[in-house]
Amino acid sequence: MTDQAPIAGEQDLDREDLKGAADTGEIDAIDETDEIDESDERAEIDGIDEAVAVVAVEEIDAMLAELDDDDDDDDDEQEDDEENEDGLTLGAVLYDRDGNPYVRDDLFGDEGDEAKTFRSGFCTIVGRPNVGKSTLVNQMVGDKVSIVSSKPNTTRFQVRGIFSTENAQVIFVDTPGLHKPKTTLGARLNESALDALSDVDVVVAMVEAGSAIGPGDKMVLERAINAVGNRSKAALKVVVNKVDKSGYEQVAERLLAVSSVVDEILAAKSFTKVNVDYFPVSAKTGKGAKVLVDHIISSLPEGPAYYPTDVTTDSPEAVQLAELVREQLLHRTHDELPHSIACRVSEWEWPRVKVEILVERDSQKGIVIGKGGAVLHDVGVAVREAFAAEMFLELFVKVEKHWQRRDDALDRLGY
Ligand SMILES: Nc1nc2c(ncn2[C@@H]2O[C@H](COP(=O)(O)OP(=O)(O)O)[C@@H](O)[C@H]2O)c(=O)[nH]1
Ligand SMILES: [Mg+2]
């Protein structure tokens, strides 16, 4: 992987951490008043808003304390291992001859009924472009399944990131950012994000700690609330992301602001049963992600694993590869160009692979190729490093006029 691409390995929250937490069933609620130390007078405060703020500040204190405390990691891992053994659920999910998963709960004795409960379901992440949805999905899954860049509208597909523990499987659905579309591609991206909100178990609506809750965020929250509002079993998790960039007063302020917007929307729609929790998170460092994942799992219905438990995405390899090429190009291009780039694998004869890079204008072709082919060369090196060193990767640049506005081109690209 390249240094531009945040991946799980570089971050301090790893898959085992998440697994351990889920296995032990330890749930570290930040919105529930019973989690507050009873000696703390602030716990007496009546009313959700204050409770959210109090716990949020405590949560962030703990997060900051952890930052100085890297040595603890080994001990934690050991503890998790021990607890894993205690809460063992042996192969509760099996696969039949056709590879379909099913649950056998008659294989074990009566003891530990709770541990045997297997939960599974879909969790869709929505938010304005660039708030950090893809980064969070990668962080929660513990693998790089969705590409990330500082340019808005990087994600063009619904990307599924699959996270499995012994007791649960969450299928995270990363979506393109919800925004006001200017092109046919933009309209399709919005549709795709809204599509992913139908029939979900959990919706994560994400805002950023560093900027005020604007009209774009309100639209996102409204869509998210609509998706869960009439379904008593669906839950909404509101995430305030990028807390690593803000002081905790600002984070607490943002948590309060977003919760009052949510309350307003709920009141306006007369939804009374919506189950909403608030989480301060840094998708980039992983702080707060484990708590969030635990909560998401506890909100899932009982059900079998939908995917084999050792896969982290259902994106075909050719799509993953084309996306990695696009990610590297996004890191090296500016202004309007990132939106004009599309990539697709045109030949796959492993280890020989050809990827076509589409741009919209002749003038863009030169920029993508770079002086003496320098840009393409660097992209190729980074992609091979991230994907497979033994691959022979050929990159071609083609001009396809106005592909973003043409249905036929979008169909061909799978958008
Ligand atoms: N500082 C900081 N940056 C973040 C965090 N999460 C995401 N980012 C950055 O925000 C930009 C957009 O992230 P991305 O995941 O592509 O956002 P998306 O458009 O919502 O999917 C990237 O440059 C990320 O590295 C975070 O928690 N902290
Ligand atoms: Mg994204």
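## Surroundings of ligand 1

Helix 5, residues 133-141, supplies the largest share of the shell around ligand 1, with 3 residues. The model is a predicted one. In total, 22 residues surround ligand 1. The closest of them are G132, K133, S134, T135 and K284.

Sorted by class, the shell around ligand 1 holds 12 polar residues, along with 5 nonpolar and 5 charged ones.

## Helix 10 and helix 13

Helix 10 covers residues 317-332, and helix 13 covers residues 374-387. Their axes come within 9 Å and cross at roughly 135°. An angle over 145 degrees would count as roughly antiparallel, and 65 to 115 as roughly perpendicular; helix 10 and helix 13 are therefore oblique to each other. The crossing of these two helices is right-handed.

On the side of helix 10, the residues that meet helix 13 are L321, L324, V325, Q328, L329 and R332. Helix 13 contributes V375, V379, A382, V383, A386 and F387 to this contact. By class, the contact has 10 nonpolar residues, 1 polar residue and 1 charged residue.

## The chain as a whole

The chain contains 14 helices and 11 strands. It has 415 residues, of which 40% count as buried.

Contacts between residues at least 6 apart in sequence can also be sorted by their separation along the chain. Among these contacts, 73% join residues at least 24 apart.

Key: Residues numbered from 1 in each chain as written. Chains lettered and ligands numbered in written order. Predicted model: local features only at pLDDT ≥ 70, side-chain atom pairs only at ≥ 80, totals over all residues. Near = placed C-beta within 6 Å. Helix = DSSP H or I, 4+ residues; strand = E, 2+ residues; numbered from the N terminus. Nonpolar A, V, L, I, M, F, W, Y, C, P; charged D, E, K, R; others polar. Axes fitted to C-alpha atoms, helices over the stretch in contact; angles between N-to-C directions. Parallel < 35°, antiparallel > 145°, perpendicular 65-115°, else oblique. Left-handed = near helix turned anticlockwise from the far one by under 90°. Contact = placed C-beta atoms within 7 Å. Buried ≥ 20, exposed ≤ 12 C-beta atoms within 10 Å, placed from the backbone.
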